Amino acid sequence: MKIDVLTIFPEFFKEVFDFGIIRRARKAGIVEINIHDIRHFALDKHKMTDDRPFGGGDGMVMKPEPIFAAVEEILGTVDKANYPPGVRVILLSPQGARLNQVVAESIAHEADHAIVICGRYEGIDERVNEALVTDEVSIGDYVLSGGEPAATVLVDAIVRLLPNALGSETSAVNDSFSSGMLDYPHYTRPAEFRGMPVPEVLLSGDHAKIEEWRKAKALEKTLKNRRDLLDTDKE
Ligand code: 9D3
């Protein structure tokens, strides 16, 4: 899979994709991640990427021309109807559909080329959305300063789902949200730490009882922290 990130802060991504699963996936050729400076595609001599909003109001809006130019150079077209199959142009915006595991899976499994556009300022000229974007995505209901931190989250969620990205020691099958339930609590040595013992059942060697305990604890935690995951008709 190829992922191209468009940003006015390319430095933001200097090291963030250089660790763990993403680093290994890049080294193994499972994913190629390129960061592009939107300013590089600005047309005017001052390399302006933003301008004042038509209709008035506070703040600045990202201009369409540099983003169209970037997508045209990367894809060879700005005609959404004729994008090659497997192309997704993803706009990260507070107005997007909320990212979840199903969205991440649909991108990881159906796309071989993702262009990720990071917004800044108050927003992006809506013609970018209309003409270029296939998926408008938010990572949740809180305010970020821009799309860049959201892009790191999206890329991470996608890359770890690519075939062979998770070495043999890890598995995506048991992940929270795949099961619709949060994970059970984990413990390692020492068996007693600062007066806090590990639950005795985990030391018992009784695997049926351990399984039962883990299911109960997962349910308990889900009820406490994420009641919404247990609702029968979600979203
Ligand atoms: C005043 C209205 N605000 C929109 C809700 C303005 C505004 C806030 C934050 C405009 C842009 C931003 C920057 N955020 C993102 O670009 C963003 C984001 C987010 O803020 N939360 C969750 N997901 C995302 S994805 C991109």
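**Strand pairing, ligand shell and selected residues**

In this predicted model, strand β1, which spans residues 2–7, runs parallel to β6 and is joined to it by 5 bridges. Within this pairing, Leu-6 has Ile-117 of β6 as its bridge partner. Strand β5 likewise runs parallel to β6, and the two are connected by 6 bridges, with Ile-90 finding its bridge partner in Val-116 of β6. Strand β6 itself is mostly covered, as 6 of its 6 residues are buried. The side chains of His-113, Ile-115 and Ile-117 point one way from this strand, whereas those of Ala-114, Val-116 and Cys-118 point the other way, and all of these residues are buried.

A further set of 3 strands forms an open sheet of mixed pairing, in the order β3-β4-β7. The edge strands of this sheet are β3 (50–51) and β7 (123–124), each of which pairs on one side only. Strand β4, comprising residues 61–62, runs parallel to β7 and is joined to it by 2 bridges; here Val-61 stands opposite Gly-123 of β7.

Between β6 (113–118) and β7 lies a loop that contains Arg-120. Because its relative accessibility is 14%, under the 20% limit applied here, Arg-120 counts as buried. Two polar interactions of its side chain can be described: a polar contact of 2.8 Å with the side chain of Glu-148, and an approach to the backbone oxygen of Ser-145 at 3.4 Å. When neighbours within four places in sequence are left aside, the contacts of Arg-120 comprise Ile-8, Phe-9, Met-62, Ser-145, Gly-146, Glu-148 and Pro-149. An oxygen atom of the ligand lies 3.3 Å from a backbone N or O atom of Gly-147. Of the 570 Å² of accessible area that the ligand has on its own, the protein covers 75%.

Strand β8 also includes Asp-135, whose side chain is joined to that of Thr-134 by a polar contact of 2.6 Å. Not counting residues up to four places away in sequence, Asp-135 touches Arg-88, Val-89, Ile-90 and Leu-91. One of these residues, Ile-90, is also the residue whose bridge partner in β6 is Val-116.

Several backbone features were found in loops. Arg-189 and Pro-190 are joined by a cis peptide bond, with omega at about 5°, and Pro-190 is located in the loop between α5 (148–159) and β9 (192–193). A positive phi of about 55° is present at Lys-47, although this residue is not a glycine; Lys-47 is placed in the loop between β2 (32–37) and β3, and it counts as partly exposed because its relative accessibility is 34%. Arg-194, which is also not a glycine, has a positive phi of about 50° and is found in the loop between β9 and β10 (196–197). With a relative accessibility of 75%, Arg-194 counts as exposed.

In the segment after α6 (207–225) lies Leu-230, which counts as partly exposed because its relative accessibility is 31%. Its C-alpha atom is separated by 9.1 Å from that of Leu-219, a residue 11 positions away along the chain. Leaving aside neighbours within four places in sequence, Leu-230 is in contact with Met-181, Leu-219, Thr-222 and Leu-223.

Notes
Residues numbered from 1 in each chain as written. Predicted model: local features only at pLDDT ≥ 70, side-chain atom pairs only at ≥ 80, totals over all residues. Heavy atoms only, no water. Pairing = 2+ DSSP bridges. Helix = DSSP H or I, 4+ residues; strand = E, 2+ residues; numbered from the N terminus. Buried < 20%, exposed > 50% of the residue type's maximum accessible area, 1.4 Å probe, protein only. Polar contact = N/O pair within 3.5 Å; in protein donor to acceptor, adjacent residues only side chain to side chain. Contact = heavy atoms within 4.5 Å. Areas by Shrake-Rupley, 256 points an atom, 1.4 Å probe, with all protein chains shown as cover.
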